[in-house]
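Okay, thanks for coming, everyone.

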Amino acid sequence: MSANHTRDEVGGTATSTEPTGDHVIELDNVDSGYGDVQVLEDCSLHLNAGEIVCLIGPNGAGKSTVLKTIFGMLTPWEGTVHYHGDDIGGMAPEDIVREGIGYVPQTDNVFGSLSIEENLRMGGVAREDGLDAVIDTLYERFPLLDEKRSAKARTLSGGQRQVLAFARALVMEPDVLLIDEPSAGLAPNTAAEVFGHVEAVNDMHTAVLMVEQNAKKGLGISDRGYVLDQGNVRFDGAADSLLDSDEVSKLYLGG
Ligand SMILES: Nc1ncnc2c1ncn2[C@@H]1O[C@H](COP(=O)(O)OP(=O)(O)OP(=O)(O)O)[C@@H](O)[C@H]1O
């Protein structure tokens with residue numbers, strides 16, 4: 001596909017379109033899609049250690065497709081996906097989990113008929129050892145799960161279920177967590193709590209790449225952001241700079 005895109009840096013953040021090997025995750029000039037439907041076109045972005053980075057943009061822009069392409073659910077048609085400098089493009093999701101990348105999809109991210117404890121244990125089936133210790137750490141970090149260890153996941157509220165989904169992914173102790181729309185379908189107060197839990201995940205030395213429809217709130221807890229439009233990065237920069245940008249605000253943040 002021909003690529004003739006404009007991309008604006010907001011706030012002067014350096015933008016790389018060449019693999020540097022310095023980033024935890026790096027997409028360079030990626031085309032990707034479903035069947036013969038192309039969604040991402042010449043898409044380049046990166047995630048540094050310890051960051052929260054938010055992907056925003058209109059419906060259908062390809063935000064979830066970015067996460068699916070990193071997590072190996074889609075194979076890039078063109079371009080590369082690197083994790084700590086290794087090319088992981090097209091690697092199977094079960095191998096990517098072992099490498100250290102976790103993924104929390106927007107829906108169906110817990111097993112409703114299983115207890116909280118069983119969900120956490122399922123999250124760790126690929127671990128060779130240390131499962132009990134890591135689950136104990138997660139109960140300390142997320143006490144609401146500790147209080148309900150034997151409750152079925154389907155009895156949890158929407159916000160609690162998101163926390164379980166995060167914890168489930170953290171059982172593998174990833175250094176990157178990909179989170180798709182953590183606030184989807186939640187009331188504002190609950191969404192605010194869930195964003196607090198995203199920050200708690202980040203405090204566990206896990207870099208977060210998050211897709212959010214609630215762009216202002218998502219950028220509000222992020223270090224940097226990317227605005228995706230029609231499969232391509234239209235703006236990128238420090239989260240504060242994106243929030244302050246008149247153009248981004250007018251086009252993508254509802255004024
Ligand atoms: N399994 C699929 N098969 C075919 N097309 C798909 C599939 N999943 C998504 N798409 C299409 O790919 C495009 C990008 O979808 P994607 O979910 O990445 O967008 P998004 O930016 O996350 O938007 P949204 O906020 O609406 O989820 C959309 O046009 C969507 O209809």
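So, let's start at the ligand: of the 13 residues around it, Y34, N59, K63, S64 and T65 come nearest. "Around" here means that a residue's C-beta atom, placed from the backbone, lies within 6 Å of the molecule. Two elements give two or more residues to that shell, strand 3 (37-47) and helix 1 (63-70). The largest share, three residues, comes from helix 1. When I say helix I mean a DSSP run of H or I with at least four residues, a strand is a run of E with at least two, and both are numbered from the N terminus.

Before I go on, the ground rules. This is a predicted model, so local features need pLDDT of at least 70 and side-chain atom pairs count only at pLDDT 80 or more, while totals for chains, interfaces and linings use all residues. Residues are numbered from 1 along each chain as its sequence is written.

For the classes, Ala, Val, Leu, Ile, Met, Phe, Trp, Tyr, Cys and Pro are nonpolar, Asp, Glu, Lys and Arg are charged, and the others, Gly among them, are polar.

Now the sheet with strand 3 in it. It's an open sheet of four strands, order 3-2-5-6, with antiparallel pairing. Strand 3 and strand 6 (86-87) are at the edges with a single partner strand each, so one side of each has no neighbour in the sheet. Pairing, by the way, takes at least two DSSP bridges between the strands. Strand 2 (residues 25-34) and strand 3 run antiparallel and are joined by seven bridges. At one of them, E26 has H46 of strand 3 as its partner, and Y34 stands opposite V37. The hairpin of strand 2 and strand 3 has two residues between the strands, and G35 there takes a positive phi near 60°. Strand 2 also runs antiparallel to strand 5, with five bridges joining them, and I25 has Y83 as its bridge partner in strand 5.

Angles are between N-to-C directions, from 0 to 180 degrees, and axes are lines fitted to C-alpha atoms, for helices over the stretch in contact.

Strand 7 and strand 8 (residues 176-180) pair in the parallel sense over four bridges, with Y103 standing opposite L178 in strand 8.

The axes of helix 6 and helix 7 come within 9 Å and cross at roughly 15°. In the contact, G158, G159, Q162, V163, F166 and L170 of helix 6 meet T190, E193, V194, H197 and V201 of helix 7. By class, that's five nonpolar, five polar and one charged.

Last one: helix 3 (residues 116-123) and helix 6 have axes that come within 7 Å and cross at roughly 35°. I116, N119, L120 and G123 of helix 3 make the contact with L164, A167, R168 and A169 of helix 6. The classes there are five nonpolar, two polar and one charged.

Terms used. Two residues are in contact if their C-beta atoms, placed from the backbone, lie within 7 Å.
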